[in-house]
Amino acid sequence: MNTVAAGQYTTATISTAGFALGLALLGTELWRWHKGGRGGGKGKGDDAGGAARDPKALIPLLFGIVCGILMIACPAGLLGTLAGLLRWGGNSVGDVAMKWLTGTPSQTLGTAATPRIDGYGAIVVSAVFFVLFLLRKTFAKLVKGKWWKGVLVGVLLCVSTGTAALIAQQIVEGANGLGAWAINGIAKGEIV
């Protein structure tokens, strides 16, 4: 039986409207990718100039989702604060839209406990965001836009208790494990 340390998880709240907004953003981006974006669904190409349904066109969005999940897992730092602001904004915008569209206010979907980045995972997250900051001028506007949409989707969807939460847990545990491997294997030379 595993016991969980009290500091291993961080709590965050998502509303039904914020979750709906996250799903809508994800669905829109996947639809554009499937239909080929500006190509009008005729296979002429997506927003990045590639063919419709080219898996490479999803990389910025998926990487953004991973970064959003990792931001939620860092509750005490700048990334966690930014994730909280994005989640608050998504909940607020989604609530206004839901009230306007349906006349019903959103409700709390749940206060989920998301896995927390440990000291090893912090190495991975820091390295990823340092690289993104240093290379920010080399990315096209379109790639940056898809990445930011992915971040918002990751922040809004990973604070659930369903499949999105399972994916978030795997990503955070993967970052923690990768950091441990990097320190123990690469830096200290210990082979496990």
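**Exercise 1. Determine how many aromatic pairs the structure holds, and classify the geometry.**

Solution. This is a predicted model.
Step 1. The structure holds one aromatic pair.
Step 2. Its members are Trp147 and Trp148, whose ring centres are 4.9 Å apart.
Step 3. The ring planes stand at 80 degrees, and planes over 60 degrees apart count as edge-to-face, so the pair of Trp147 and Trp148 is edge-to-face.

**Exercise 2. Decide whether Trp147 and Trp148 are buried, partly exposed or exposed.**

Solution. 
Step 1. The cut-off for buried is under 20% relative accessible area, and that for exposed is over 50%.
Step 2. Trp147 has 13% relative accessibility and therefore counts as buried.
Step 3. Trp148 has 43% relative accessibility and therefore counts as partly exposed.

**Exercise 3. Describe the largest pocket by volume, lining and residue class.**

Solution. 
Step 1. The space in the largest pocket amounts to about 420 Å³.
Step 2. Its lining consists of 15 residues, and those nearest the centre are Phe129, Leu132, Phe133, Trp147 and Trp148.
Step 3. Two or more lining residues come from each of the elements α2 (59–72), α3 (78–102), α4 (119–135) and α5 (141–157). The greatest contribution is that of α5, with four residues.
Step 4. By class, the lining of the largest pocket comprises 13 nonpolar residues, no polar ones and two charged ones.

**Exercise 4. Which residue lies over the face of Phe133, and at what distance from the ring centre?**

Solution. 
Step 1. Phe133 is one of the residues nearest the centre of the largest pocket.
Step 2. Arg136 lies over the face of the Phe133 ring, 4.1 Å from the ring centre.

**Exercise 5. State how many cavities of 30 Å³ or more the structure holds, and characterise the largest.**

Solution. 
Step 1. There is one cavity of 30 Å³ or more.
Step 2. About 30 Å³ of space lies in the largest cavity.
Step 3. The residues lining the largest cavity are Glu29, Trp33, Ala57, Leu58, Leu61 and Lys146.
Step 4. Four of these lining residues are nonpolar, none is polar and two are charged.

**Exercise 6. Locate Asp95, decide whether Asp95 is buried or exposed, and list its contacts beyond four places in sequence.**

Solution. 
Step 1. Asp95 is situated in helix α3.
Step 2. Its relative accessibility is 17%, so Asp95 counts as buried.
Step 3. With residues up to four places away in sequence set aside, Asp95 touches Ala17, Pro105 and Ser106.

Conventions:
Residues are numbered from 1 along each chain as its sequence is written. This is a predicted model: local features need pLDDT of at least 70, side-chain atom pairs count only at pLDDT 80 or more; totals for chains, interfaces and linings use all residues. Side-chain values use heavy atoms; hydrogens and water are left out. On a 1 Å grid over the protein atoms alone, a cavity is a set of points where a 1.4 Å probe fits but cannot get out, and a pocket is an open set with protein on both sides within 12 Å along at least five of seven lines; lining residues have an atom within 4 Å of a point. Grid points are joined across faces, edges and corners, and a volume is the space filled by probe spheres set on the points. Ala, Val, Leu, Ile, Met, Phe, Trp, Tyr, Cys and Pro count as nonpolar, Asp, Glu, Lys and Arg as charged, and the others, Gly among them, as polar. Buried means under 20% relative accessible area, exposed over 50%, partly exposed in between (1.4 Å probe, protein chains only). Contact means heavy atoms within 4.5 Å. Rings of Phe, Tyr and Trp (its six-membered ring) pair if their centres lie within 6.5 Å; planes under 30 degrees apart count as stacked, over 60 as edge-to-face and the rest as tilted. A charge sits over a ring if NZ of Lys or CZ of Arg is within 6 Å of the ring centre and within 35 degrees of the ring normal.
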